[in-house]
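This briefing covers a pocket, a surface patch and charged pairs. Please view the sequence and the model before reading the points.

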Amino acid sequence: MDWFDLLKAIILGFVEGMTEFAPVSSTGHLIIVDDMWLKTEEFLGKYPANTFKIVIQLGSILAVVIVFWKRLFSLIGLYQVETREGGSTRFNLMHVIIGMLPAVVLGFAFKDLIDDYLFGVETVIWALVAGAILMIAADKFGPKTPSVTSLDQLTYKQAFSIGLVQCLSLWPGFSRSGATISGGVLFGLNHKTAADFTFIMAVPIMAGASLVSVVKNMDMMSMDYLSFYVVGFVSAFLFSLLSIKFFLKLIDRIKLTPFAIYRIVIAAVLAWIVWM
């Protein structure tokens, strides 16, 4: 594998890291950059190339673990988080399980269909627009005074409702963070708390999806491409660390609508390239 191939891995890691935690769809951007420019499928093969797009998310997961280590450790009893009121945390592992359950069930049921029919530029265009509409609706119709301003105020019902909305992100290009943050805002969370829940819930979901994809495509992957995967992982990890903290400071100030406008612009540009 030559230096240009490794540069492709760095670029894709950059795209993953900078877009995974913004509601613009990291998967959509990876498909766009790869399918229209880098074309890693030509030397990796279709399914290993799709797997690479998922596996480098492990770098982003590691970044989340580092940033949210106190909350994540508290879920398994290794750390005690204090609430704003001074008591122990009420946010627990059951919130995460309930929130991720709908997407996990549907993801397992329709994994092959998603890989075969939804990983493409045309489907991403429609997903970008659909996700933008949901985000604008969340900003417009969400409660003016959110009832949940901390993870410790989150109810199981709200966690499950957000999980149902998260199922939309199984459509590549829709955006997991865009769907869950929008769902959180619509169900009474402020933007920062919705983002916190999104990132924490992403750890088991993304890790599980990566593991399933790697195991399924193991026989189609070669050790010759190990350096490509490692470089992409490290690149995604480093850029994710930068983007997480920046996004968490930004989301409560500008809300979701500016990201929705960006998505519509990108979709329009792509539609012109693909269909004109």
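The points below are grouped by topic.

The model is predicted. Its largest pocket has a volume of about 720 Å³, its surface carries a nonpolar patch with about 900 Å² of accessible area, and the structure holds four salt bridges. Three of these pairs are described below: Arg176 with Glu20, Lys53 with Asp34, and Asp152 with Arg71.

**Largest pocket**

- The volume of the largest pocket is about 720 Å³.
- Its lining counts 34 residues, and those closest to the centre are Ile54, Leu170, Arg176, Ile205 and Ala209.
- Two or more lining residues come from each of the helices α2 (26–38), α4 (46–55), α7 (93–117), α10 (176–186) and α11 (191–216).
- Helix α7 provides the largest share of this lining, with eight residues.
- Sorted by class, the lining residues are 17 nonpolar, eleven polar and six charged.

**Salt bridge Arg176–Glu20**

- Arg176, which is among the lining residues closest to the pocket centre, forms a salt bridge with Glu20, and the closest N and O atoms are 3.0 Å apart.
- Arg176 belongs to helix α10 and Glu20 to the loop between α1 (3–19) and α2, so this pair ties together parts that are 156 residues apart in sequence.
- Both partners, Arg176 and Glu20, are buried.

**Salt bridge Lys53–Asp34**

- In the pair formed by Lys53 and Asp34, the closest N and O atoms are 3.0 Å apart.
- Lys53 and Ser210 are 157 residues apart in sequence, while their C-alpha atoms are 9.1 Å apart in space.
- Both helices of this pair, α4 and α2, are among the elements that give two or more residues to the pocket lining.

**Salt bridge Asp152–Arg71**

- Asp152 forms a salt bridge with Arg71, with 2.9 Å between the closest N and O atoms.
- Asp152 lies in the loop between α8 (121–141) and α9 (156–166), and Arg71 lies in helix α6 (residues 69–75), so the pair ties together parts that are 81 residues apart in sequence.
- Asp152 and Arg71 are both buried.

**Nonpolar surface patch**

- The patch consists of Met36, Trp37, Ile261, Val265, Val269, Trp272, Ile273 and Met276, which together have about 900 Å² of accessible area.
- Helices α2 and α13 (257–275) each supply at least two of the patch residues.
- Helix α13 gives the largest share, five residues.
- Ile261 is one of the patch residues and is found in helix α13.
- Is Ile261 buried, partly exposed or exposed? With a relative accessible area of 47%, Ile261 is partly exposed, because that class lies between the cut-offs of under 20% for buried and over 50% for exposed.

**Helix α2 across the topics**

- Helix α2 gives two or more residues to the lining of the largest pocket.
- Helix α2 also supplies at least two residues of the nonpolar patch.

Technical notes:
Residues are numbered from 1 along each chain as its sequence is written. This is a predicted model: local features need pLDDT of at least 70, side-chain atom pairs count only at pLDDT 80 or more; totals for chains, interfaces and linings use all residues. Side-chain values use heavy atoms; hydrogens and water are left out. On a 1 Å grid over the protein atoms alone, a cavity is a set of points where a 1.4 Å probe fits but cannot get out, and a pocket is an open set with protein on both sides within 12 Å along at least five of seven lines; lining residues have an atom within 4 Å of a point. Grid points are joined across faces, edges and corners, and a volume is the space filled by probe spheres set on the points. Helices (H or I, at least four residues) and strands (E, at least two) are DSSP runs, numbered from the N terminus. Ala, Val, Leu, Ile, Met, Phe, Trp, Tyr, Cys and Pro count as nonpolar, Asp, Glu, Lys and Arg as charged, and the others, Gly among them, as polar. Patches are made of residues with over 30% relative accessible area and no salt bridge: like charges are joined within 9 Å, nonpolar side chains (Val, Leu, Ile, Met, Phe, Trp, Tyr) within 5 Å. Accessible areas come from the Shrake-Rupley method with a 1.4 Å probe; for residues, only the protein chains shown count as cover. A salt bridge is a side-chain nitrogen of Lys or Arg within 4 Å of a carboxyl oxygen of Asp or Glu. Buried means under 20% relative accessible area, exposed over 50%, partly exposed in between (1.4 Å probe, protein chains only).
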